[in-house]
Amino acid sequence: MRKTWDDYFLGLCEKVAEMGTCGRKQAGAIIVNPNTREIVATGFNGSPRGQEHCTEKMLHICSGGCLNDENRCVRSIHAEHNAILQAKQDINGFTLYCTDEPCENCTKYMVQTGIKRVVFSRPYGNKYNQFFNYSLDWECTGE
């Protein structure tokens, strides 16, 4: 049986996540035009361009090179944010697929750029998203 488009794009997010360079979590995101089903941008967790990655272990700040604060790596740009930055066109009304529930900052970036729908596989339990995601079509496919 053929997969749904949501399952297809979420599966691609898992492949994109493999490029991530954060040792704490590998996440992937894809922005899709819902009218054409065209992928317009992808993103994964990683350090800013030209800077050391967590997986390089050159910075002995903590295990694996991550710079952790309250159980988050602050060295890496999140997959969702990277996808938004990579988009070279207006993404108003588009869908963002991602492996994990976005953090509250990425959620705010999505609202600000006009993303309409967010689909993710794994809930994160972010207590702040309720204050920002109410204008989005917010869908978790996992448990």
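This is a predicted model: local features need pLDDT of at least 70, side-chain atom pairs count only at pLDDT 80 or more; totals for chains, interfaces and linings use all residues.

**Entry 1: Glu80**

Residues are numbered from 1 along each chain as its sequence is written, and side-chain values use heavy atoms, with hydrogens and water left out.

In UniProt, an unreviewed entry places the feature "active site" at Glu80; such positions are given in the numbering used here, feature names are shortened, and annotations may be inferred rather than shown by experiment. I find Glu80 in helix α2, residues 79-86, where helices (H or I, at least four residues) and strands (E, at least two) are DSSP runs numbered from the N terminus. Not counting residues up to four places away in sequence, Glu80 touches Ala29, Leu96, Cys98, Asp100, Glu101, Pro102, Cys106 and Met110, a contact being heavy atoms within 4.5 Å.

**Entry 2: the binding-site residues**

Which residues does UniProt list for "binding site"? The unreviewed entry gives His78, Cys103 and Cys106, and although these are spread over 29 residues of sequence, they cluster in space, with a largest C-alpha distance of 8.7 Å. I place Cys103 in the loop between β5 and α3, and it counts as buried at 7% relative accessibility. Cys106 is in helix α3 and is buried as well, at 2%; leaving out residues up to four places away in sequence, Cys106 touches His78, Glu80 and His81.

**Entry 3: disulfides**

How many disulfides are there? Taking a disulfide as a pair of cysteine sulfur atoms within 2.5 Å, I count 0. Cys103 is in no disulfide, and the nearest cysteine sulfur, that of Cys106, is 3.8 Å away. Cys98 is buried, at 1% relative accessibility.

**Entry 4: the nonpolar cores**

I then turned to the cores, each a set of buried Ala, Val, Leu, Ile, Met, Phe, Trp, Tyr and Cys residues joined through side-chain atoms within 4.5 Å. The largest nonpolar core has 20 residues, and those with the most contacts inside it are Ile31, Ile91, Leu96, Met110, Ile115 and Val118. At least two residues of this core come from each of β1 (28-33), β2 (38-44), α2, β5 (95-100), α3 (104-113) and β6 (117-122), and α2 gives the most, with 3 residues. A second, separate core has 8 residues, among them Phe9, Leu10, Val32 and Tyr97.

Returning to Val118, I note that, leaving aside its neighbours within four places in sequence, it is in contact with Leu96, Cys98, Pro102, Met110, Leu136, Asp137, Trp138 and Glu139.

**Entry 5: the whole chain**

The secondary structure comes to 3 helices and 7 strands, which follow the pattern α-β-β-β-β-α-β-α-β-β along the sequence. Of the 143 residues, 42% count as buried. Among contacts with a separation of 6 or more, 53% join residues 24 or more positions apart.

Technical notes:
Buried means under 20% relative accessible area, exposed over 50%, partly exposed in between (1.4 Å probe, protein chains only).
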